[in-house]
Amino acid sequence: MSQEEKTLALRVECYAGQRAEESPRRFFIGQREIGVSEIIDRWLDPKHSYFKLRGDDGGIYILRYDQATDTWEMTLYDSGKRHETR
């Protein structure tokens with residue numbers, strides 16, 4: 001792992017609703033804070049929860065939560081600036 005990857009750690013703050021489902025409400029990439037303006041989609045597999053969301057910076061992100069290790073990972077980033085991905 002490079003030094004840059006170490007400094008860009010992902011931290012996610014969630015909101016737990018009535019059904020105890022956690023939804024990201026903001027996350028941090030290194031020191032940069034990104035608020036969640038919209039959860040576009042969510043899905044589950046046996047080991048992970050996925051959230052496709054729009055950040056308050058206009059970007060599209062897919063965040064994956066690993067239930068066994070209680071860790072988050074960003075699996076996709078799209079700036080949201082290209083017409084076909086909005």
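With which residue does Glu13 form a salt bridge whose closest N and O atoms are 2.4 Å apart? I shall answer that in a moment, after an outline of the chain.

Colleagues, what we have here is a predicted model.

To return to the opening question, the partner of Glu13 is Arg26. This pair links distant parts of the chain, since Glu13 lies in strand E1 and Arg26 in strand E2, 13 residues apart. Arg26 counts as partly exposed because its relative accessibility is 28%. Glu13 also meets Arg11 in a salt bridge, at 3.2 Å from N to O. Through shared partners, Arg11, Glu13, Arg26 and Glu33 are joined into one network.

A search of the whole structure finds six salt bridges. Another of them pairs Arg32 with Asp57, with the closest N and O atoms 2.6 Å apart. Here strand E3 is linked to the loop between E4 and E5, across 25 residues. Arg32, at 43% relative accessibility, is partly exposed, and so is Asp57, at 31%.

The largest nonpolar core holds eleven residues, among them Phe27, Ile34, Leu53 and Trp72. Strands E2, E3, E4 and E5 each give two or more residues to this core, and the largest share, three residues, comes from E5. Ile34, one of the core residues, touches Phe27, Ile29 and Tyr61, and its contacts also include Arg26 and Asp57.

How values were computed: Residues numbered from 1 in each chain as written. Predicted model: local features only at pLDDT ≥ 70, side-chain atom pairs only at ≥ 80, totals over all residues. Heavy atoms only, no water. Core = buried A, V, L, I, M, F, W, Y, C linked by side-chain atoms within 4.5 Å. Buried < 20%, exposed > 50% of the residue type's maximum accessible area, 1.4 Å probe, protein only. Helix = DSSP H or I, 4+ residues; strand = E, 2+ residues; numbered from the N terminus. Contact = heavy atoms within 4.5 Å. Salt bridge = Lys/Arg side-chain N within 4 Å of Asp/Glu carboxyl O. Lists of a residue's contacts leave out its neighbours within four places in sequence.
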